[in-house]
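Please read what follows with the structure open beside the text, and turn the model as each part comes up. The tour moves from strands to a sheet, and then to the contacts between side chains.

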Amino acid sequence: MTNLQRIQLRLSEVRQRLNQLAGEESPTEEQQAEMDALGKEFSTLETQQRAAMIGESEQAEQPKEETAENREFAKLVEKASIVDFALEADGKESLSGASKELREQVFGSDLVGYMPWEMLEGTEFRADAVTNVADSSNAVPHAVQPIMGRVFARSSAEFMGVSSPTVPVGATAYPRLTAGTTGDVRSDGVELDGGAATLAIEEIVPIRLTASYTYGTETLQRVRGFEEALRADIQGVLSEKRDFLALNGQAAVNNVSPKIDGLINSLTDPGDPGAVAVWTDFLDAYDSIIDGKYASDDGATRMLVNAETFKFARKLQIATSGQLLRNFLPSSRFRVSANMPATASTIATALVYGAGVPGRGLVMPTWSGVQMIMDPYTAAKAGQRILTAVAMVGYDLVDSAAYRRVEFQLA
């Protein structure tokens, strides 16, 4: 458990006890003294929490220092296997070796049934689609090669300053000062009135992110490595969906899915431009976030676009100089994500991020890790197994001032 998690856990305990004491109609002297002490502790914990959040977000923003400890952790992740966690979920084997060591190091204990997120890096009734390989001598060659998995979109959440801490059980809150006192100079004997601080608390509740496969047990005997390939694939599905929601969010679907506050659906839509984009439109988009606070120069700005916009922009010529815009759009500040919306009627959406104050934008906490569930019973009569992965995630745009949503007309 991290220092931030310990502070948040204690905050939750103090808040709960204060609520209990506040419900007393006639508190005793001991209870009043306890309330006073807890109130002071709560104030101190809030200050510590803000400091810990800033420290954690800055650490997440900076590339990890190449230390012996980091190298050992990377080796541990490499040695651990998704298959080990799936076999544990299936009840076939107890977790051991590098996989168990990784889980203990990440969670602080051997949290049975959960897999660390680090393994991902790098009421309508419906019949599930069932994966089966046909029973034919020509269906699968005997000298079958290892199954090549699907290719998923690379995560762009970190590039856009999305904070993704691991949090303890329960709703997690992110307080921030939105207004406060001002400074001034005063003449002799003239005092300065104190200002009131405004504290906004954003609470994020866990939401279930899940994916599942149903497949026939016969297939396991017809294709070597089939189950392992599905397990790896389902992890890629979760990782890609998590990133997609951070960028796009989603509207609520009645009785199916909740509303997700991602970047695009939370930011103000600037409206469609009236002309085809030129090179100055892209540089103006970079400059739109430069305010001396969230970004002090163009080195602290980042832009995320879809592939069509990327290709369009890099071919633009700067005035009549003969120079191409591509020479002024380094990959560290101009990047493509397959999870960005496709161009619609020649209009493309892009995101601009001011990286000068890390950790103040979109917060995407995760609870524990990924739970792998193997169900050989529900569809046993049909000779089918159900593999389900479940993770608890959350989203909230805590400070929208770090971002801009922009639109470009490409034709």
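Strand E11, which covers residues 366–375, is joined to strand E12 by eight bridges, and the two strands run antiparallel. Because the coordinates belong to a predicted model, every value in this account is to be read as a property of that model.

Is E12 itself enclosed by the rest of the structure or left open? Of the ten residues in strand E12, residues 384–393, nine are buried, and the strand is therefore largely enclosed by the rest of the structure.

A further part of the model is an open sheet of four strands, in which the order is E8-E7-E9-E14 and the pairing is mixed. Its edge strands are E8, residues 334–336, and E14, each of which pairs on one side only. From one strand to the next, the twist of this sheet averages 25°. Helix H9 packs on the sheet, where it touches strand E7 (301–305) as well as E8, E9 and E14, and the direction of H9 makes about 140° with that of E8. At the E14 side of the sheet, strand E9, which spans residues 347–354, pairs with E14 in the antiparallel sense over seven bridges. One of the residues that can be followed across this pairing is Val352, whose bridge partner in E14 is Arg404.

From the strands the account now turns to aromatic side chains. A pair of aromatic rings is described by the distance of the centres and the angle of the planes. Searching the whole structure gives four aromatic pairs. One of them is formed by Phe282 and Phe312, a tilted pair with 6.4 Å from centre to centre and 40° between the planes. This pair links distant parts of the chain, with Phe282 in helix H8 (residues 279–287) and Phe312 in helix H9 (residues 307–314), 30 residues apart. Phe282 counts as buried because its relative accessibility is 0%, and Phe312, at 17% relative accessibility, counts as buried too.

Phe282 also takes part in an aromatic pair with Phe408, and this one is stacked, with 4.1 Å between the centres and 15° between the planes. The pair again links distant parts of the chain, for Phe282 lies in helix H8 whereas Phe408 lies in strand E14 (residues 403–409), 126 residues apart. Phe408 has a relative accessible area of 3% and is therefore buried. Taken together, Phe282, Phe312 and Phe408 form one aromatic cluster. Another ring to look at is that of Tyr286, where Arg333 lies over the face at 5.3 Å from the ring centre.

The last part of the tour concerns charged side chains. Side chains of opposite charge can pair when their charged atoms come close. In the whole structure, a search finds four salt bridges. One of these joins Asp261 to Lys259, with the closest N and O atoms 2.3 Å apart. Asp261 is partly exposed at a relative accessible area of 23%, and Lys259 is likewise partly exposed, at 49%.

Arg405 and Asp269 meet through their side chains in another salt bridge, at 3.5 Å from N to O. Because Arg405 lies in strand E14 and Asp269 in the loop between helix H7 (226–248) and H8, this pair ties together parts that are 136 residues apart in sequence. Arg405 is buried, with a relative accessible area of 18%, whereas Asp269 counts as partly exposed at 44% relative accessibility. The side chain of Arg405 meets that of Glu407 as well, in a salt bridge of 3.1 Å from N to O, and Glu407 counts as buried at 12% relative accessibility. Which residues do these shared partners join into one network? Asp269, Arg405 and Glu407 are joined in this way, through salt bridges that share partners.

Note on methods. Residues are numbered from 1 along each chain as its sequence is written. This is a predicted model: local features need pLDDT of at least 70, side-chain atom pairs count only at pLDDT 80 or more; totals for chains, interfaces and linings use all residues. Side-chain values use heavy atoms; hydrogens and water are left out. Rings of Phe, Tyr and Trp (its six-membered ring) pair if their centres lie within 6.5 Å; planes under 30 degrees apart count as stacked, over 60 as edge-to-face and the rest as tilted. Buried means under 20% relative accessible area, exposed over 50%, partly exposed in between (1.4 Å probe, protein chains only). A charge sits over a ring if NZ of Lys or CZ of Arg is within 6 Å of the ring centre and within 35 degrees of the ring normal. Two strands pair if DSSP finds at least two bridges between them. Axes are lines fitted to C-alpha atoms, for helices over the stretch in contact, and angles run from 0 to 180 degrees between N-to-C directions. Contact means heavy atoms within 4.5 Å.
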